[in-house]
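Okay, thanks everyone, I'll keep this brief. Let me put the structure up and we'll walk through it together.

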Amino acid sequence: MLSKIWNWLRRFFIGRGSDHPAAPDPSIRPIPAPVSSSKTIVPLLVLPRLPGGFQFDLVDQVGEDRYYTSSPWEPDVEALRAAIVTAESWLGTAVGTPIPWEPLRQVNSERSLAEWRTEGVHAVRAEVERLLLRWTEDYVYLAFVRGLGGYAGGIGFRPGEAGFAVVGDICIEAVCGYAEPTSGSVLLGSGPWPASAWSAAGQTGAFVHEALHGFGLPHPDGWRADRQPAPDRTIMNDWWRFPTYERSDGLTNIELDAVREAIGPYAVGG
Ligand SMILES: [Zn+2]
C-alpha cells in the first residue's frame with residue numbers, strides 16, 4: 001500500500017508514467033474531458049484571384065518556392081466535406097469531447113494568388129473579417145487555399161483572438177484523390193516523408209495537425225525537454241500516420257491536457 005501511494009506521489013510530482021502501463025507518455029493522467037467544446041472549427045475553401053493565363057499542371061517557381069497546382073481549380077468539394085467528417089469524428093474520439101466543425105464555406109477571395117503566397121497563414125484574418133465572421137477565441141479557422149502548393153501552417157488562439165491555420169494544394173489534392181504529380185516529391189521537399197504523406201488519410205492528418213496548432217498545440221519539441229511526446233505517438237509530429245497510432249490515440253496526455261484546457265470551461269471567461 002505504501003509503495004502504491006509512493007508510486008502515485010512520484011508520478012504526480014515527478015510526472016513519470018513508466019509504472020503505469022495505461023499512460024502513453026511521461027505525463028500524469030490528463031484532466032477530464034469537458035462535456036462540450038467552447039471552440040468551433042470553421043473550415044474555408046479559399047480560391048484566390050488568378051492571374052490571366054495561369055498555367056495548371058506545371059511546376060511554378062516563385063523565388064525559392066515551387067508550387068504545383070493540378071487542374072481543375074475548383075476541387076471536389078464533396079471529397080473535402082467527407083474528409084472533414086472523418087477529421088471531426090477522429091478528433092472528437094481522441095479528445096474525448098466532440099469539437100464541432102461548421103459546414104465548409106467556399107470563398108472566392110479578393111486577394112490574388114501572389115498575395116496569398118506572400119502572406120500565407122497571415123492572410124486568413126483579413127479574409128475572415130471580409131466574410132463578417134467573428135474573430136474571437138471561440139473559433140479556429142482552417143483555410144484550404146488553392147494554389148499554395150505544399151505550404152501549411154497554424155497559429156494558436158490567444159485571449160480574445162481566434163486560432164487559424166492554412167493548408168495548400170498538397171492537402172486539397174490528396175484529399176480529393178487527384179493523382180500524385182510527378183513533381184510531388186519536390187513539393188513535399190526532401191524531408192523524410194513516407195508514401196502515406198500523399199494520401200487522403202495522410203493529408204487528413206495534416207489538416208487536423210494544422211487545426212490543432214490553432215488550439216495552441218506545438219510540435220513535440222515545443223514542450224519542456226522532459227515532457228516531450230514521442231514523435232510516433234502524436235499527430236503533432238507524425239501526421240502521416242493518421243488515423244492509427246499504435247501507442248496512443250494520436251494525442252499524448254500532455255497534449256490532451258492542453259486541448260481540453262483550450263476547449264473546456266477552464267478556458268471560459270479568460
Ligand atoms: Zn506543425
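So, start with the sheet: β1 and β5 run parallel and pair over 7 bridges. If you want a landmark there, look for V42, which sits opposite Y141 in β5. β1 also has β4, residues 105–112, as a parallel neighbour, with 5 bridges joining the two. On that side, V46 has V107 of β4 as its bridge partner.

Keep in mind that this is a predicted model. Zooming out for a second, the protein chain has 8 helices and 7 strands. Of its 270 residues, 41% are buried. And if you take contacts between residues at least 6 apart in sequence, 70% of them join residues at least 24 apart.

Now, the helix I wanted to show you is α2, residues 77–95. Those 19 residues reach 27 Å from first C-alpha to last, close to the 27 Å expected at 1.5 Å a residue. Which residues of α2 are buried? That would be L80, A83, I84, A87, W90, L91, A94 and V95.

One last thing, at the end of the helix: just after α2 comes G96, with a positive phi of about 90°.

Technical notes
Residues numbered from 1 in each chain as written. Predicted model: local features only at pLDDT ≥ 70, side-chain atom pairs only at ≥ 80, totals over all residues. Helix = DSSP H or I, 4+ residues; strand = E, 2+ residues; numbered from the N terminus. Expected span 1.5 Å × (residues − 1). Buried ≥ 20, exposed ≤ 12 C-beta atoms within 10 Å, placed from the backbone. Contact = placed C-beta atoms within 7 Å. Pairing = 2+ DSSP bridges.
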